Amino acid sequence: MTARQRQVVALVGQGSTNKEIANELKISEGTVKQHIFAIFRLLNVSSRAKLAIASQRLAPASKAKPKKTISNGVEDSVGYSWRLIVAVAITIPEDAMTDAVMVIQRKSYLEQLRFTIEEMVFALDASSMILPDGGLLIWFGHPTSHIDDVDRATLLAQAIRSRLEIDQALDLHIGIGISTQAEIVPSQMQVLSSASAFQGALSLAKKSSQLTLSLANALTEHLCSASVPWLELRPAKISKEKLVASKAIGEEKYSSDTETVKSNENIYAIGTRASAPSRLSQWGDLSFLKEVLQAVSNGVSQWVCVESWPPSLANSLVDAIAINATQAGFCPITVHIPSAKRRDQILSSLLTQVEMTATQYDLSSNKPDSTLDRLLSSIWKISTHAPVVLKVLGIHSLQALKSALGDRGIDRLVGLRVLVVVTNLRDVQKTQTHIRILGPRPDNAIFTRIHTMEEPHLDLVPEGVLVDMQAMVDDLSSAAKQLIFAAAQSPEQAFNELLPSINLPRPVLQGALQELLALGLILPRDDHYFDFRDGLTASAIAQLNKQVSIV
């Protein structure tokens with residue numbers, strides 16, 4: 001718990017009401033309710049009485065104030081940052097086979113499956129460990145994190161499920177569960193501590209094993225791209241628990257033979273790639289793409305570059321273009337640029353991801369081709385069935401893909417029915433929403449067309465992060481609060497430029513800057529100015545400011 005949450009626990013233990021707690025801590029009653037709601041989930045209690053009992057056990061910890069650490073006799077500030085952990089659990093039911101041959105076949109198949117999954121995990125920049133039952137626990141977001149970690153986890157789940165549907169030699173009810181957990185941790189913290197994410201993924205995987213569907217929690221569904229199809233599961237209270245999945249068209253029911261524990265949290269099932277997206281893109285009309293799609297259908301590849309900031313906008317816009325192409329009959333292929341810098345590693349990762357996405361096609365080859373040749377051959381084979389929209393996600397995916405393909409690879413793509421959608425963030429930290437049509441060769445785009453899009457509202461800040469960040473903001477001095485709330489209204493503007501407009505003594509404002517810098521909410525620039533840590537932090541602070549204004 002945060003220091004503020006421990007203070008709330010201590011006051012509840014003393015019998016204080018929400019109003020009394022708000023007066024004592026100089027915060028609003030609404031903020032108190034947010035803290036208590038978060039504390040209920042953290043301590044797994046359901047009433048103030050149980051929380052009061054738990055407060056006695058936590059009393060010694062409530063006195064701790066982990067604001068500073070001492071290192072070599074020097075007092076250093078502890079900065080905080082938020083991170084998103086996405087856990088994927090794969091569980092394997094107990095073996096009930098008695099035939100020795102079947103047992104050996106089962107063991108051999110599971111070893112091959114585990115090897116294949118570990119290849120996928122490596123290609124997607126994830127980490128994994130083997131579970132005691134032979135399953136796997138996979139996580140994204142630590143130590144390597146990406147803006148699209150939720151999408152990567154979903155792609156992995158879809159690829160594994162497709163592989164299981166193809167390999168029907170053994171009747172194995174393998175469960176797949178995904179759980180996403182947002183948390184604010186000290187910047188120096190290197191240890192992974194998101195136990196709730198792993199517990200949630202394991203719980204969902206166990207329920208999934210009887211449904212032959214991959215299950216995910218509500219935060220995963222909320223943060224995932226609009227192109228992923230979803231089924232919402234509702235617990236039905238009957239003689240034995242059943243999970244009812246509602247589709248946009250018709251209704252399908254999936255029931256398990258074992259009783260399940262009813263939960264208040266929404267559970268979602270990830271649909272197959274053949275399913276239609278359950279959510280519409282928020283970017284509206286993209287009719288200017290008709291000519292581009294027609295050119296690709298006629299056999300000339302096209303490159304479309306998204307130049308948007310922050311990265312969440314870029315990914316959302318890339319996803320909207322892919323949805324538009326999919327509705328026009330294109331086959332969608334999603335690849336994520338890995339963190340590796342070597343060209344051969346990037347090509348190997350892209351090839352693995354293409355094979356993960358296009359499991360319905362036979363992409364095998366007996367020729368000892370290079371990785372680049374195999375990648376281009378796979379894309380060509382898919383394009384013979386339908387035009388392809390290759391969605392390449394990453395902050396600078398244009399340059400990464402160009403470097404990986406080289407001139408020879410780009411030239412070979414020209415004659416294929418492929419629409420390549422990439423990103424290139426030119427002016428970082430300045431809000432922008434541009435789509436640039438590059439034509440068949442991105443390096444020789446003399447006459448390019450630029451379309452400026454109207455930015456939709458994208459609420460991508462998880463509720464848990466908002467609650468924790470509210471606790472951080474509550475602990476700020478009044479000058480630091482005033483400064484950061486003012487900066488959140490125009491995040492593209494440097495903090496220093498706001499100082500003259502705030503009616504406070506300069507030493508007080510300088511102290512406020514140091515306070516925000518120590519918490520890690522702002523970062524120094526080379527020109528001695530300060531900016532927000534990232535666009536998501538600015539968005540969270542802006543949302544908190546709106547809540548304060550409403551209260």
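**Cores**

Author: The largest nonpolar core has 72 residues, and Ile 138, Phe 140, Leu 156, Leu 483, Ile 484, Phe 495 and Leu 516 touch the most other members. A nonpolar core here is a set of buried Ala, Val, Leu, Ile, Met, Phe, Trp, Tyr and Cys residues joined through side-chain atoms within 4.5 Å. Buried means under 20% relative accessible area, exposed over 50%, partly exposed in between (1.4 Å probe, protein chains only).

Reader: Which helix gives the largest share of this core?

Author: Helix α6, residues 149-166, with eight residues. Helices (H or I, at least four residues) and strands (E, at least two) are DSSP runs, numbered from the N terminus.

Reader: What does Phe 495 touch?

Author: Leaving out residues up to four places away in sequence, Phe 495 touches Leu 483, Ile 484, Ala 487, Leu 513, Leu 516, Ile 522, Phe 530, Asp 531 and Phe 532. Contact means heavy atoms within 4.5 Å.

Reader: And what does the second core include?

Author: That separate core has 35 residues, including Cys 305, Leu 347, Ala 358 and Leu 372.

Reader: Where do these numbers come from?

Author: The model is predicted: local features need pLDDT of at least 70, side-chain atom pairs count only at pLDDT 80 or more, and totals for chains, interfaces and linings use all residues. Residues are numbered from 1 along each chain as its sequence is written, and side-chain values use heavy atoms, with hydrogens and water left out.

Reader: Switching to helices. At what angle do α11 and α13 pack?

Author: About 95 degrees, with the axes of α11 (residues 343-357) and α13 (residues 397-414) 10 Å apart. Axes are lines fitted to C-alpha atoms, for helices over the stretch in contact, and angles run from 0 to 180 degrees between N-to-C directions. So α11 and α13 are roughly perpendicular, a label for 65 to 115 degrees.

Reader: Which residues make the contact?

Author: Arg 343, Ile 346, Leu 347 and Leu 350 of α11, with Leu 401, Ser 403, Ala 404, Leu 405 and Gly 406 of α13.

Reader: Now Arg 4. Buried or exposed?

Author: Arg 4 is buried, at 6% relative accessible area. Arg 4 sits in helix α1, residues 3-13.

Reader: What does the Arg 4 side chain join in a polar contact?

Author: The side chain of Gln 7, at 2.9 Å. A polar contact is a pair of N or O atoms within 3.5 Å; within protein, one must be able to donate a hydrogen and the other to accept it, and residues adjacent in sequence count only if both atoms are side-chain atoms.

Methods:
Parallel < 35°, antiparallel > 145°, perpendicular 65-115°, else oblique.
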